[in-house]
Amino acid sequence: MARKIKQLGSCRRKCNELFKDDDRKIIFEEYWSMGDYAKRVSYVMALINLKQKMTERKKVDISEKQRNRTFSREYFLRINGEKKKICCSCFLSTLGETKGFLNTVVAKCISSKSGIPQNDLRGKREPHNKLSEQDLKNAKDHILSIPSYESHYSRRDTSKRYLPSHFTLSSLYEQYKQTTDTPIGRPKYEAIFHDLNLSIKKPKKDTCNKCDTFHMRISLADGDEKENLQIAFRDHLEQADMGYTSKAEDKKKLKLMKKKKKKY
């Protein structure tokens, strides 16, 4: 929502008689032309004078708001090098600021012994629930520890890998929670799962029986036997690729033959 200068109402200080609308408009435009939040804070701090109240009723538990009220406030506006006192309501109306912003500036005035405001920390603090890199790595490692396979018939068209159909995301997440004292939330766990290009749903073109047999034997074997099975499995996939290539070429030849027949 765009900030707007407001008309001055009637007040005890008769601010509407002290400040002309043209002067107030200049102050408003130059103030918002600064843009930067820290500059606005510094500018407003320089226009506020805080005085310790001489008498203050004692309170047992003084909150931050109550502590700020132990100071009386004086507000000023500067025009043509002259600093003039103005009431709080007219001060806010001229600058187009809110009471919340003003209270924040006053709190900074009170907490700063030198009068120099602290750096603006909005949006720079680490969120309290930010996930650590180690927690994310633990979740990823767990997902990758589950044996997966690629589709025999569609592996040339997609790099997606598949988990056995008896798994579900719910069961995977429950297993994962047992592996760490600081588990991440399920939505984030599932997001990591999908980012790894994995799926539990069976592919439309599933693996052949020989592929399934190889996967089972490789998962149970070790040492030289496992290495020999992996070599045999790669040979099987290469033969399958040769078969697909030959089949595709035969289809192209058949289409060409049909086109030639149509011409005659």
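Strand S2 (residues 71-79) and S3 pair in the antiparallel sense, joined by five bridges. Strands here are DSSP E runs of at least two residues, helices are H or I runs of at least four, and both are numbered from the N terminus. Two strands count as paired if DSSP finds at least two bridges between them. This is a predicted model: local features need pLDDT of at least 70, side-chain atom pairs count only at pLDDT 80 or more, and totals for chains, interfaces and linings use all residues. Residues are numbered from 1 along each chain as its sequence is written, and side-chain values use heavy atoms, with hydrogens and water left out.

Look at the pairing itself. Arg78 has Lys83 in S3 as its bridge partner. Ile79 stands opposite Glu82 in S3. S2 and S3 form a hairpin, with two residues between them. Asn80 sits in that turn and has a positive phi of about 55°.

S2 also pairs with S1, again antiparallel and over five bridges. There, Ile48 has Tyr75 in S2 as its bridge partner.

Together these strands make an open sheet of three, in the order S1-S2-S3, with antiparallel pairing. Strand S1 (48-52) and strand S3 (82-86) are the edges; each has a single partner strand, so one side of each lacks a neighbour in the sheet. From one strand to the next, the twist averages 35°; the axes are lines fitted to C-alpha atoms, and angles run from 0 to 180 degrees between N-to-C directions.

Now the charges. A salt bridge is a side-chain nitrogen of Lys or Arg within 4 Å of a carboxyl oxygen of Asp or Glu. The count by this rule is eight salt bridges. One of them joins Arg40 and Glu97, with the closest N and O atoms 2.8 Å apart. This pair links distant parts of the chain, 57 residues apart. Arg40 is in helix H3 (residues 37-45), and Glu97 is in the loop between helix H5 (88-95) and helix H6 (99-111).
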